[in-house]
Each structure stands twice: as structure tokens, then as C-alpha cells.
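This report describes a sheet and the helices packed on it.

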Amino acid sequence: MRTGFFWDERSFWHAGGNYALTLPVGGLVQPMSAGGLPESPETKRRLKNLLDVTGLIHDLQARSAPAATLDDLVRVHPAAYLHAFKKLSDAGGGELGLRAPFGRGGFELAALSAGLTKGALYSVLNGDTQNAYALSRPPGHHCLPEMPNGFCLLANIAIAVEAALAEGMTDRVAVLDWDVHHGNGTEAIFYDRPEVLTISIHQEYNYPLDTGDAGDRGADAGRGANMNIPLPPGGGHRLYLQAMERLALPALTRFRPDVIIVACGYDAAAIDPLGRMMATADTFRRMTEMVTEAAADLCGGRLVLVHEGGYSEVYVPFCGHAVLQTLSGSAIDAPDPFAETFAARQPLARFDAFAEGVITDLAGFFF
Ligand code: ZN
């Protein structure tokens, strides 16, 4: 079995705050009978459940991992933030940033999520697995060193990368973020670092509103090692594959990483409540095929996918199953029940022409 699958039941127990979608409850905002924050356990638990029901889980090396250590965390986050987070977590939980609430024990659960990411990366770098998937929760790609943000409490991928760099396990890492939101935290942490390429494909002006511009290319020694690919709302399957073929994959080829990490959000999917794109399970399958081929060509197949956003409880499991089937090469399929309906609702040709123009403009900008 070539694919590691890092998960832990405890990561489904992370919770915090009284929200209706992204709105704090109160005033004219009625509490939800079920749900709350869109970053709820259900999307991720239902992916794990679907893997169990189809049997794909048996074609994966499923395991947990130790929590990230304090040494791991302080490479990315200031001690003052970690101290404040731990103190509030012990006191029952609360909020230290922007829409990143947590409950009692949230600190330990966030450290476990970072640890699952680190475990996945280490298993690939050690050669224990060919590729790996971390079903990490809470997610990480919006988290800044000193401020939690957008459901993200610790910068999972950055923590894992810094640990591997510090231990000399790798010296050249590429992070490709296809979550529908900009990977602003990962970008900020590595913005002046030439040894870490960060690429983000995201819906323009979604979240955060003030980051993700194509002109943000990195700074100082890291100039050119950051690529933002903002896409217009409504873009679908073909637009995502074009962004991969025309922009992301050539950038990976030029950078020649030791390992590729994908910040794998599913909120570009057609019925996500926090995105306005039209990707499908087949889009995620094809993008996984592309990045698997790139890893085989560039870095001995070393590839790690780290679960980020994705808020459709019904659809995320099918998108994730398609990704994990592709990664593992398993014959076990979970046919997309929405395939026909979403295929029929892809953008019209005139939108495609417009969106392809966006890709062409960006290609001229980058290459
Ligand atoms: Zn997202």
C-alpha cells in the first residue's frame, strides 16, 4: 500500500463558538438547530465514514500521529501567541483572532492537527509511504504566526515544513494550495524564503479580501517563489484544469521541489456555502492525477495532501474519496452522485472564453 492516511477521532471533537454559518449568534441572527460554524466535524467525519463504507480505507495505511511538539510550534509561532492560546484553551476556550474560535483543549487538538500533517510529510520523506493524506482539523492555511484566522489556529503545513527543514530531511518544498480561499498564512510565513515555493489557486476577492493578488510574488531572496492565481467567480472544471496546466504545473517544474504538498480544500466545489466556483469531484480527481504525475516526474513521487476547507457535508466526502482513490491507485470507487447534474451546469462557452483569457493574461504575467 503506497498511501498513508493520517487521521484521529479526536480531531473531530474540536469545536468552539456559537455561530450561524460565519455570523455570531445574537441580535437578529437566530441560533442554528444543527450546524454552527461551517468548519464543523461533519464534512471530515463523513469523508472518513465513506472510506470505511466503500472499503477504500483498507487500501490505505491508516494511522494517527503524535501531536506537534512545542519545538515544532515555536519555529512558526511566537511563544507569546502559543502561551495565550494554551491559557485560554485551559480556561475553557474562546477567540484570539478572526473567526477561529475554540473550546477547552483546543490547543492540544490544534497541535494534534499539525502533528497529523507532520506525520504525513515525514512518512513520505522517510520513504515509509509513497504519498500521504492528512485529514487535519482544525485547518491551517489562513493562520498567521501571531494570529489565528478563518477557522485556522496553527499553521499546520508551515509547522511540518519547518520541522522537516530543521531536521535536514528536505531543502526544497513546494506548496500548492487549491482551497477556494487564498492561502494567506502559508504565503506570509514563506514570503521571503527561496527554498519554499507557495502557489495558491483561489477565487478572487473571496477570503481574505485583501490578499491573493497575482502581483504578490514574494520578497527579497524569496522573490518569484510565491504565485497567486486568482480566478473569477463561477469558474468550473475546465478553468481549474487550465490553471493547473498553464500556470501551477510549469511553476512546479521550474522550481524542482524535493516534495510537493497540496493544501487540499474542497470549497471550490459547486455547492460549497463559502465558495462561488463550479468544481466537481472529477475536477479534484484530475488535479490529483496532475500533481501525482508532476511529483513522479520531479521528486520521486513524494506528495502530501493536507485537508483544508470544504463545507458541503454532502459533497466533500465524494470529492475526497476521488482524491484518495487517485492517490492510492485503488480500484474502489465512490461514483459522484452529482456528476451528471454538475456537468450539465458548467459555465457556458462565452464564460469559458472570458475565463481562459484570465489564464492567458496570468500566463503572460508569470512566464
Ligand atoms: Zn477555504
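Eight strands form an open sheet with parallel pairing, in the order β4-β1-β7-β12-β11-β8-β9-β10. β4 (61-63) and β10 (226-231) stand at the edges with a single partner strand each, so one side of each has no neighbour in the sheet. From one strand to the next the twist averages 15°. The model is predicted: local features need pLDDT of at least 70, side-chain atom pairs count only at pLDDT 80 or more, and totals for chains, interfaces and linings use all residues. Residues are numbered from 1 along each chain as its sequence is written, and side-chain values use heavy atoms, leaving out hydrogens and water.

Strands (E, at least two residues) and helices (H or I, at least four) are DSSP runs numbered from the N terminus; two strands pair if DSSP finds at least two bridges between them. β11 (259-264) and β12 (303-307) pair in the parallel sense over five bridges, and Ala 263 has Val 306 in β12 as its bridge partner.

Angles run from 0 to 180 degrees between N-to-C directions of lines fitted to C-alpha atoms, for helices over the stretch in contact.

| Helix | Strands | Angle |
|---|---|---|
| α5 (156-166) | β8, β9, β11, β12 | about 165° to β11 |
| α7 (237-255) | β8, β9, β10, β11 | about 170° with β9 |

Helix α8 (281-299) has 19 residues and reaches 26 Å from first to last C-alpha, close to the expected 27 Å, which is 1.5 Å times one less than its number of residues. Its buried residues (under 20% relative accessible area, 1.4 Å probe, protein chains only) include Phe 284, Met 287 and Val 291. The cover over the buried residues of α8 includes β8, α7, β11, β12 and α9 (316-328). Gly 300 follows α8 with a positive phi, near 60°.

Notes: Contact = heavy atoms within 4.5 Å. Buried < 20%, exposed > 50% of the residue type's maximum accessible area, 1.4 Å probe, protein only.
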